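Q: Could you take a close look at one helix for me and then follow the packing outwards from there? I'd like the cut-offs spelled out as you go.

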Amino acid sequence: MPVLNAAERGGLAAEWDAAAAGPAEDLIGLFRARAAGTPDAVAVRSGGDSLTYAQLDERSCRVAAALAGHGAGPESRVAVCLPRTADLVVALLGVLRAGAAYVPLDPEYPDERIAAILADTRPAALLTTADCRPAITEAVTAVGGAVLVAADAAHGAGPVPEVFAALPDQAAYVLHTSGSTGRPKGVVVSRGNLANLLADMRDRLRPTADDRLVAVTTVSFDIAALELFLPLVSGAGLVLADRDAARDPEALAALLTASGATILQATPTTWQLLAETAPDALRGLRKLVGGEALPASLASRLRDLGGELVNVYGPTETTIWSTAAHLDRVTGSAPPIGRALRATRAYVLDEWLNPRPEGVPGELYLAGAGVARGYLGRGGLTAERFTADPFGAPGSRMYRTGDLARRRADGELEFLGRTDHQVKVRGFRIELGEIETALGAHPHVAGAVVVARAAPGAAPVPGDRAGDPAPRRLVAYVVPESHRAAPDDSQEQNRLDEWREAYDTLYGGSAPAPLGQDFGIWRSSDDGQPIPLDEMLQWRAATVDRIRALRPARLLEIGVGTGLLLSELAEDCTAYHGTDLSARAIETLREQVAAEPALKEKVELHVRPAHDFSGLRRGFYDTVVLNSVVQYFPDADYLTRVLRGALDLLAPGGRLFVGDVRSLALLRAFRASVETGNAAVSETPVAVLAAAGRRTAAENELVIAPDYFARLRREAGEPLLLDVRVRRGRPYNELTRYRYDVLLAKPGAGTAPPPRPRPPSCAGRRRTATGRGSPRSARRTPARCASPRSPTPACGARPPPSPPWRTGARSPRCGGCWRAPPTEWIRTTCTTPRPRPDAPPG
């Protein structure tokens with residue numbers, strides 16, 4: 001039953017009618033008029049390059065001609081995969097001038113996502129760079145598209161052709177958003193949709209030839225279209241921030257100042273960083289804020305900096321923005337999202353599509369000139385989300401946003417949240433179901449749930465009010481598949497072959513050091529300099545002492561490398577056998593052992609990967625050692641296979657020593673320590689922690705929580721004794737703080753794990769030369785490796801030092817920091833094997 005009386009319904013109808021407007025002029029026509037009127041005015045600035053309106057006009061027309069020659073025209077699509085330079089603007093205008101629709105691709109997208117978008121859109125051509133990744137060009141040719149170098153197309157020879165006469169209903173671009181089924185959905189936006197938005201924003205922001213708009217948004221985010229095209233249809237100047245400047249608030253603030261910027265559009269996340277880092281650069285700007293909810297505290301800070309402040313709202317399906325609120329005054333409550341734009345109607349409806357009264361929440365529907373055509377090739381989904389408009393003209397449609405809103409007494413709308421599982425993170429709209437589907441496709445995952453949560457450890461933003469939304473990140477929870485798929489033997493073998501080649505190159509690259517003295521390639525993760533020799537000697541001595549305490553007689557070392565342990569232990573053994581993947585390492589080591597009379601009769605060396613136990617006698621060894629090696633294994637399954645095979649070689653009472661294991665529980669603490677030590681004095685805590693989070697997420701080695709070994713023990717099928725100990729040593733560095741040792745012992749006559757020593761004291765902590773409490777960190781980096789790795793040591797006998805902004809914080813208890821949640825057994829994000837000089841995996 002309708003709850004509005006006739007007067008209320010009449011008031012809403014009058015408001016909807018007031019938004020009516022005629023068709024807006026097409027983007028290309030407006031741009032050409034500007035180019036004809038002010039041909040020598042600078043249209044685009046990018047780095048040190050610039051293009052006048054006349055140059056931009058000519059080059060985009062030549063791109064259009066090149067595209068037409070490859071069949072691009074109305075209702076065809078052209079993919080654009082270009083960095084943030086003037087060529088990007090030229091290409092987009094060229095596609096529109098050809099009458100086609102552009103498909104924006106962020107070059108930083110994974111190849112798989114780009115390939116999926118290309119398969120969905122089947123473009124007639126791809127505009128890209130000469131060094132475009134082969135996976136992208138192959139995906140285009142697979143669907144019959146041509147590959148054009150954008151810079152070449154813009155400088156083609158011959159006369160400039162006439163401009164195509166476009167119609168408002170023709171597609172302008174296809175932009176893919178997150179999909180709940182795991183398949184991104186392409187939103188088809190018409191030229192009339194885009195023209196209507198630009199007409200509203202021209203009237204609202206009033207840009208002139210004296211204005212400069214700095215564009216910061218990736219082209220794969222729909223709001224980028226407003227940044228790129230609004231200046232060009234207004235005669236203003238467009239300044240393209242490159243990728244690095246768009247991500248660095250200090251660099252972006254410097255660009256705003258240097259370019260004389262007068263207009264900036266950004267998400268609240270970007271505005272928050274700028275307001276914290278360089279508020280003076282924002283003074284007097286006309287500020288467009290959208291893409292996610294605007295906190296009241298941030299709105300207040302931006303308003304205090306002067307200039308217009310406009311809070312905008314809208315989904316991709318209704319062409320970027322659909323409502324706007326001019327925040328002339330900021331109250332303590334959440335800022336409104338305002339009123340509908342030109343030729344747009346906003347309805348707050350109940351489940352029966354009846355309008356809600358003032359102040360009563362309902363679902364927000366949008367209608368009018370901004371409603372897109374629908375989803376490319378998804379008729380069923382289009383019909384579900386784009387429904388008939390009961391309040392509009394016959395045949396008109398409205399879009400169901402899935403957002404909750406309410407209408408205030410003054411007619412402005414307030415955003416209240418979502419009705420489904422869609423979230424926004426840093427302005428990007430994300431369907432959690434898409435990520436859950438992708439995770440569930442992995443053969444080792446039985447189920448997955450993804451949520452958006454405030455980032456742990458993120459300091460509250462100064463000046464935020466209670467209830468303001470905190471910065472969020474996506475967190476996934478997965479259930480392992482109990483019946484795992486068979487390992488991919490070919491992939492594993494390929495990785496082993498890569499290791500073998502890398503190690504052979506490394507070990508053959510220079511004259512070998514004397515036996516047991518090859519420490520020169522251990523590097524600090526902080527500054528890349530060699531770890532001091534005395535600290536490396538202490539690191540080895542701690543390992544040797546622990547192995548020697550086991551009183552080995554028949555010892556097998558898997559990953560013997562250059563013989564750092566062999567040189568110290570072999571003389572006291574009756575048999576010392578070593579394996580290594582690198583033939584060159586074994587060849588060099590054999591020559592060195594042969595020159596030592598006390599060793600040559602005891603030592604046997606074999607070339608083989610870690611999992612190959614052929615020819616090794618089962619039940620012969622009393623000690624098997626894998627030291628500083630498991631972090632280079634490809635994944636957890638490989639590690640489990642090697643450890644189980646090593647246990648089978650042990651005699652009753654034998655011990656398996658796994659040394660120098662990287663701790664998953666302390667991975668983030670280690671990365672934060674390194675980032676703190678390398679941070680500039682002016683860098684904020686939030687920025688440092690964010691950098692540490694990125695480095696943690698990008699970890700490319702196998703990082704293991706001690707609970708993994710407890711699980712291995714439970715699943716062993718035979719009684720095992722387990723002893724986990726933090727690394728020991730006086731030096732205060734990565735080698736003593738973020739790694740641990742593991743001992744697995746088979747029971748037998750007189751066997752028991754050695755008594756656990758007391759944890760090292762936290763006293764006597766040594767600061768680094770930086771004076772900032774960051775430890776010296778170690779990585780072993782071969783000279784040929786373009787991206788230095790960091791085999792991160794120690795489980796953590798001592799807590800990491802408090803960063804400068806947390807000097808009063810409580811530290812975790814010593815000796816217990818290796819404990820990890822049961823769900824965090826292993827981190828296996830290694831994608832490319834990296835050379836490890838001393839003890840490769842095998």
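On the other side of H2, which residues are exposed?

A: Ground rules before the answer. This is a predicted model, so local features need pLDDT of at least 70 and side-chain atom pairs count only at pLDDT 80 or more, while totals for chains, interfaces and linings use all residues. Numbering starts from 1 along each chain as its sequence is written, and side-chain values use heavy atoms, with hydrogens and water left out.

On that other side, Ala36 and Gly37 are exposed (over 50% relative accessible area; buried is under 20%, partly exposed is in between, with a 1.4 Å probe and protein chains only). H2 itself covers residues 27–37, and its buried residues are Leu27, Ile28, Leu30, Phe31 and Ala35. Helices here are DSSP runs of H or I with at least four residues, strands are E runs of at least two, and both are numbered from the N terminus. Look down the axis of H2 and the buried residues fall within an arc of 160°, so they line one face of the helix (the arc is taken from the directions from the helix axis to the C-beta atoms). In general, an α-helix has 3.6 residues a turn, so residues three or four places apart point the same way.

What sits on that face? The cover over the buried residues of H2 includes H3 (53–68), H4, H8 (191–205) and H9 (224–229).

Beyond its neighbours within four places in sequence, phenylalanine 229 is in contact (heavy atoms within 4.5 Å) with Leu27, Leu92, Leu93, Leu96, Tyr102, Leu194 and Leu198. Phe229 is also one of the residues that touch the most other members in the largest nonpolar core, which has 73 residues; the others are Leu56, Leu67, Leu127, Met201 and Trp321. A nonpolar core means buried Ala, Val, Leu, Ile, Met, Phe, Trp, Tyr and Cys residues joined through side-chain atoms within 4.5 Å. Helix H4 (residues 86–97) gives this core its largest share, 9 residues. Another core lies apart from it, with 34 residues, including Val642, Leu656, Val658 and Leu712.

Now the rings. Phe229 belongs to an aromatic cluster with Tyr102 and Tyr173. The whole structure has 12 aromatic pairs (rings of Phe, Tyr and the six-membered ring of Trp, with centres within 6.5 Å; planes under 30 degrees apart are stacked, over 60 edge-to-face, the rest tilted). One of them joins tyrosine 375 and phenylalanine 386: the centres are 5.6 Å apart and the planes at 70°, so the pair is edge-to-face. Since tyrosine 375 is in strand E18 (residues 374–375) and phenylalanine 386 in strand E19 (residues 386–388), the pair ties together parts that are 11 residues apart in sequence. Tyrosine 375 is buried at 5% relative accessible area, and phenylalanine 386 is buried at 5% too.

Phenylalanine 620 and tyrosine 621 make another edge-to-face pair, at 5.0 Å centre to centre and 80° between planes, and both residues are buried. Phenylalanine 620 also has charges over its ring (the rule: NZ of Lys or CZ of Arg within 6 Å of the ring centre and within 35 degrees of the ring normal). The charged end of arginine 617 is 3.9 Å from the ring centre, and that of arginine 554 is 5.5 Å from it.

One more arginine for your notes: arginine 546, in helix H17 (residues 533–548). Arginine 546 counts as buried, at 14% relative accessibility, and its side chain makes a polar contact of 2.7 Å with the side chain of aspartate 741. Not counting residues up to four places away in sequence, arginine 546 touches Phe657, Arg725, Val726, Arg727, Arg728 and Asp741.

Last, a backbone point. Arginine 206, in the loop between H8 and strand E9 (212–215), has a positive phi of about 55° although it is not a glycine. Arginine 206 is partly exposed, at 46%.

Note on methods: A polar contact is a pair of N or O atoms within 3.5 Å; within protein, one must be able to donate a hydrogen and the other to accept it, and residues adjacent in sequence count only if both atoms are side-chain atoms.
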